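Here are my notes after a pass through the coordinates. They go from the overall layout to the helices, the core and then the charged pairs.

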Amino acid sequence: LHERDAFPKFYEILCRHRLRLPAVCVHCFTGTKDELDAYLELDCHIGLTGWVCDERRGTHLRELVRRIPLHRLMIETDAPYIIPRNAPREARRNQNEPA
């Protein structure tokens with residue numbers, strides 16, 4: 001499930017339906033500590049992308065990743081859509097393909 005800047009409404013809906021879902025992954029998590037704790041309380045898996053390495057927008061995730069139990073952590077490439085900023089210029093014109 002992908003939520004961006006819509007935590008209150010998304011969380012409300014998820015709480016209503018969580019017991020009927022066998023497993024949940026919050027894809028591309030970029031939220032706050034409180035949001036992370038709320039998802040973990042619902043037994044959700046947490047997906048993190050390369051944002052955790054981006055010093056402009058993902059530094060807060062570096063602290064939060066420590067709160068995620070390893071059995072609930074999912075590492076995502078978000079390929080082919082997110083191309084690393086430090087990729088060579090010619091690579092930025094193509095799709096991101098993980099190794």
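1. Overall layout. The protein has three helices and three strands, and from the N terminus on they run α-β-α-β-α-β. Keep in mind that this is a predicted model. Of the 99 residues, 35% are buried. If you take the contacts between residues at least 6 apart in sequence, 54% of them join residues at least 24 apart.

2. The sheet. What order do the strands take in the sheet? It's an open sheet of three strands, ordered β1-β2-β3, with parallel pairing. β1 and β3 are at the edges with a single partner strand each, so one side of each has no neighbour in the sheet. Zooming in on β1 and β2, the two run parallel and are joined by two bridges. Valine 26 is the residue to look at here, as it stands opposite isoleucine 46 in β2.

3. Helix α1. This one covers residues 7-17, and its buried residues are Phe7, Phe10 and Leu14. Looking down the axis of α1, you'll find those buried residues within an arc of 70°, so they line one face of the helix. That spacing is what you'd hope for: an α-helix has 3.6 residues a turn, so residues three or four places apart point the same way. On the face turned away from the buried side sit the exposed residues Pro8 and Arg16. As for what the buried residues of α1 pack against, it's α2 (33-41).

4. Helix α2. Which residues are buried in α2? They are Glu35, Leu36, Ala38, Tyr39 and Leu40. Note that a glutamate, Glu35, is on that list. The buried residues of α2 pack against α1, β1 (25-26), β2 (45-48) and α3 (59-64). Just after the helix, have a look at the backbone of aspartate 43, where phi is positive, at about 65°.

5. The core. The largest nonpolar core has 19 residues, and the members touching the most others are Leu14, Phe29, Leu36, Tyr39, Cys44, Ile46 and Leu61. At least two core residues come from each of α1, α2, β2 and α3. α2 gives the largest share, four residues. In general terms, nonpolar side chains tend to be buried together in soluble globular proteins.

6. Tyrosine 39. Leaving aside residues up to four places away in sequence, tyrosine 39 touches Glu3, Phe7, Phe10, Tyr11, Leu14, Val26, Phe29, Cys44 and Ile46. Phe7, Phe10 and Leu14 from that set are the buried residues of α1, and Val26 and Ile46 are the pair standing opposite each other in the sheet.

7. Arg16 is on the exposed face, while glutamate 12 is partly exposed at 37% relative accessibility.

8. Salt bridges, elsewhere. Aspartate 37 and arginine 67 make a salt bridge with 3.0 Å between the closest N and O atoms. This pair links distant parts of the chain, 30 residues apart: aspartate 37 is in α2, and arginine 67 is in the loop between α3 and β3 (73-75). Aspartate 37 is partly exposed at 23% relative accessible area, and arginine 67 is also partly exposed, at 39%. Another salt bridge joins arginine 56 and aspartate 54, at 3.4 Å from N to O. Finally, Lys9, Glu12 and Arg16 belong to one network, joined by salt bridges that share partners.

Technical notes:
Residues are numbered from 1 along each chain as its sequence is written. This is a predicted model: local features need pLDDT of at least 70, side-chain atom pairs count only at pLDDT 80 or more; totals for chains, interfaces and linings use all residues. Side-chain values use heavy atoms; hydrogens and water are left out. Buried means under 20% relative accessible area, exposed over 50%, partly exposed in between (1.4 Å probe, protein chains only). The arc is that of the directions from the helix axis to the C-beta atoms. Contact means heavy atoms within 4.5 Å. A salt bridge is a side-chain nitrogen of Lys or Arg within 4 Å of a carboxyl oxygen of Asp or Glu. A nonpolar core is a set of buried Ala, Val, Leu, Ile, Met, Phe, Trp, Tyr and Cys residues joined through side-chain atoms within 4.5 Å. Two strands pair if DSSP finds at least two bridges between them.
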